[in-house]
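Here are a few notes to read alongside the model. Take them one at a time, with the picture open beside you.

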Protein chains: 2
Amino acid sequence: MSVTAAKGFQASGIAAGIKENGNPDLALVVNTGPRLAAAGVFTSNRVKAAPVLWSEQVLKGGQVSAVILNSGGANACTGPKGFQDTHATAEKVADVLGHNAAEVAVASTGLIGLLLPMGKLLPGVETAAAQLSEHGGEKAAIAIKTTDSVHKTSVVTKDGWTVGGMAKGAGMLAPGLATMLVVLTTDADLEADVLDKALRAATKVTFDRVDSDGCMSTNDTVLLLASGASEVTPEYEEFAAAVHTVCDDLGQQLIRDAEGASKDIEVEVVNAATEDDAVEVGRSIARNNLLKCAIHGEDPNWGRVLSAIGTTAAAFEPDQLNVAINGVWVCKNGGVGEDRDKVDMRYREVRITADLAAGNESAVIWTNDLTADYVHENSAYSS
Amino acid sequence: MSVTAAKGFQASGIAAGIKENGNPDLALVVNTGPRLAAAGVFTSNRVKAAPVLWSEQVLKGGQVSAVILNSGGANACTGPKGFQDTHATAEKVADVLGHNAAEVAVASTGLIGLLLPMGKLLPGVETAAAQLSEHGGEKAAIAIKTTDSVHKTSVVTKDGWTVGGMAKGAGMLAPGLATMLVVLTTDADLEADVLDKALRAATKVTFDRVDSDGCMSTNDTVLLLASGASEVTPEYEEFAAAVHTVCDDLGQQLIRDAEGASKDIEVEVVNAATEDDAVEVGRSIARNNLLKCAIHGEDPNWGRVLSAIGTTAAAFEPDQLNVAINGVWVCKNGGVGEDRDKVDMRYREVRITADLAAGNESAVIWTNDLTADYVHENSAYSS
């Protein structure tokens, strides 16, 4: 279903030969209208891939007729030639579909620092266009995978309208978005500024709070396209809730597929003075390598949680901190709490609750454990 | 030689039974004067262990007659009882030696969140005092080891005076100091304020720039004690240089003994607008798990260096960045540079040079690779 669950969209996914192993590597998503409204959110990394620089410009117009996405190469740190390649890809899509290149978004994912094989990619655009289908969403989702073990899609259908989408991402997951490409589509009849508001509200508390390994990508792209084909204009709150649900679902799928992970960890920070404090503390806990190793070893090592909290500027008193692991308050008032042997860590899901005793705000950050498999996978990625 | 290389110091290291495996776990360093001047630098973690809270108070007086250090337990997050235990330890040392407890510094290292076995520690103080010797520096250095594979000492002797020291630390190494205990001694005849100035200047560019795993400890302590026994008062610059040399040497020993590491990585940031920019960029590179895995895999993955630089607020233009790995400029002007196959990564030492092309300042951060051995060691530490 994916990006073609909503009416007014076609998609395809093919193997253009960008990946040497012959796996699918090129996806095309086309908005057949009647509306071409769109919004986008991009990586906050200052080193941005060529397709991000291109698509940021495209999105300023608030209209996107097509999105072309490739795996097998990030086209990041590739200089003027890389940008020319992105531009040529958009022109090729526009040429084949009879669109305007200024309304064609481009997204790429894969290794940084390599030019794309344009001699394969450009003919691939023709093949992808020829295979466009209202049932092509799954194939598109498959074609954007890199180290993902599964493809990720999500759909919410409401009263006469739908929001659906696809995502890829398994490593380099950190805020300012996770390393990922996401395309969401809807047949709701909405203007670009409404899409933008709903998308930013949703990503701020979903993708932005997934922090697998603290590494921020050069290529993160989240697009939301509206075709208006349902001829329904939902209330903003209802629409925003649907976008949030799809983003949240895709974000959960990303963290569950994180490279090498054996534990999914929900870091919940409660009773913070501000939401920003809660997020800062949550991220600090989620990024603590020693803690992530301990969780891998099924060791409820709450001292590492406290040492992570202590590095933040959040409001708290060290002797008022409480920490629960899987519901057992192993740390109370900054010291030893309930018996750590009561903590059952046999299951994949782990919840760490940090009570700052400083207010009423809260936030959840999603992360995973640090494993030897993560090291192996990322030691060998480009070789 | 360690802490007893300088005249006017005695030390010992014994097995008090704090560690269940029977290894040495209690060290005592005594300044026999005539001067008792001292300076200290402590963790900037807001969650501070009881001995840190105690020793910070002791150091405010500028006089330290003895330092008692235990491994086998950090006495962090142990509440009022933990602080009472630290106090009792200092009182015991003072009682046995005929000193003033307000001049006895305490340092602990080991697992967070466990009370120390005072029934073993206090009798151990008597044993340690009985074994004090002008040749006890090595034994003291051995007794403070936790996961360290070797003990660490360093000595610089100048014209009639000496600076020597010992250090422990192998994980949780990050600025605001590395996780470590360090005791430096000198027989130079200097006031506490001079010691403080020289110690802060040295730690800022040595221990503070060692970043093994980004995790900041609750127990970091660096002390510098002066006995005045040489009756020589060196020039400040000469003394500061000697302290720097010893700190730098010990810092290098710490990073070379980092848990599970197979590569020692020197991250050199050059042509930064400010020294702070250089340090920020260096730390971001040093903490990038994906890059650390790539280095482990002997993969000169410079894209991960650029993506780490891009997350900082330092002054630079993405298309002017240059990166060398082991002297090969694999990234030029933000894009592909020399052939990455020219990079020889067979050796343990790896140098990453990031040229920000934004000024004339520079800094070096020391780190290591991320390995499966690190994961294994830190998955099983407390169990």
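1. A definition to begin with: copies are superposed by least squares on the C-alpha atoms of residues with pLDDT of at least 70 in both. This is a predicted model, and chain A can be laid on chain B in this way with an RMSD of 0.0 Å, by a turn of 180° and a shift of 0.0 Å along the axis. The two copies are therefore related as by a two-fold rotation axis.

2. Which residue of chain A comes closest to the rotation axis? Look for Ala372(A), whose C-alpha lies at 2.2 Å. The same surface serves both copies, with 100% of the contact residues of chain A recurring in chain B.

3. Now for confidence. The average pLDDT of chain A is 91, and 96% of the residues score at least 70. Over residues 173-178 of chain A, however, the pLDDT is below 50, although this stretch has 39 contacts in the model beyond near neighbours in sequence. Where pLDDT is low, the predicted coordinates should not be read in detail.

4. Next, the domains. Chain A is divided into domain 1 (2-253) and domain 2 (264-379). Taken over C-alpha atoms, the centres of these two domains of chain A are 33 Å apart.

5. How do the domains meet? In chain A, 13 residues of domain 1 are in contact with 14 residues of domain 2. Together the two domains bury about 1100 Å², with 37% of it on carbon and sulfur atoms.

6. One salt bridge is counted between domain 1 and domain 2 of chain A. Glu275(A) forms a salt bridge with Arg209(A), and their closest N and O atoms are 2.6 Å apart. By class, the side of domain 1 of chain A that touches domain 2 has four nonpolar, four polar and five charged residues.

Conventions:
Residues are numbered from 1 along each chain as its sequence is written. Chains are lettered from A and ligands numbered from 1 in the order in which they are written. This is a predicted model: local features need pLDDT of at least 70, side-chain atom pairs count only at pLDDT 80 or more; totals for chains, interfaces and linings use all residues. Side-chain values use heavy atoms; hydrogens and water are left out. Contact means heavy atoms within 4.5 Å. pLDDT is the predictor's confidence in each residue, from 0 to 100. Domain bounds come from an automatic or database domain assignment. Buried area is the accessible area (1.4 Å probe) that two parts lose on being put together, summed over both. A salt bridge is a side-chain nitrogen of Lys or Arg within 4 Å of a carboxyl oxygen of Asp or Glu. Ala, Val, Leu, Ile, Met, Phe, Trp, Tyr, Cys and Pro count as nonpolar, Asp, Glu, Lys and Arg as charged, and the others, Gly among them, as polar.
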